[in-house]
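Hi,

Here's the structure I promised to pass on.

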Amino acid sequence: MPAPFTTCPPPSATDLPPTRPAPETLAYSFTLPGAPQSPSIARAATRTVLRTHALDDVTDAAVQVVSELAACACRFTPVAEVYMSLRYRDGALRVILYDGHPRHLNPRLAAACESRRRAALRVLSCVVKSCRGDWGFGEAREPGGGTRMWAVLPREGASSYLYG
């Protein structure tokens, strides 16, 4: 005889988040396909997350940064997916993308690859500099390796960023 079907009880007041989303509660991570449409998906998700957490003032800079990092990650990754993280801490938005491209053991190959990645991130560099932020990339500290790219956008600088 099959087990009786039961439903979950409705959430109680203690199950709900204690406060409405705010900048300080912004912490999202998700996986994107390592495909050409991923930068568009990442931009749309970033706009929604920033609006939800009352960070509309950093949207232009953040969306440009996310787009550049996602495009670079999808271009370099040899695997089917990339990982993206958005966090807001200490007055700054932190964007991280991981791709599956491992560090080359041959020093000349490593230097050439780093040069290509740096060239692919020229626009990102200009945006982050305009926002008085910081960015970089290096070996991922995740199981499976790969490359970790990141950018930090201080809210004060990002809110005064003008696209174009």
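Predicted model: local features only at pLDDT ≥ 70, side-chain atom pairs only at ≥ 80, totals over all residues.

Residues are numbered from 1 along each chain as its sequence is written, and side-chain values use heavy atoms, without hydrogens and water.

**Helix pair.** The axes (lines fitted to C-alpha atoms over the stretch in contact, angles from 0 to 180 degrees between N-to-C directions) of α2 (residues 59-76) and α3 (residues 107-120) come within 10 Å and cross at roughly 145°. Helices here are DSSP runs of H or I, at least four residues; strands are E, at least two. In contact (heavy atoms within 4.5 Å) are Glu68, Cys72, Arg75 and Phe76 from α2 with Cys113, Arg116, Arg117 and Ala120 from α3.

**Pockets.** A pocket is an open set of points on a 1 Å grid where a 1.4 Å probe fits, with protein on both sides within 12 Å along at least five of seven lines; lining residues have an atom within 4 Å of a point. Volume is the space filled by probe spheres set on the points.

- The largest holds about 240 Å³; 13 residues line it, with Glu81, Val82, Tyr83, Tyr98 and Asp99 closest to its centre. β2 (81-89) and β3 (92-99) each supply at least two lining residues, and β2 gives the most, three.

Cheers
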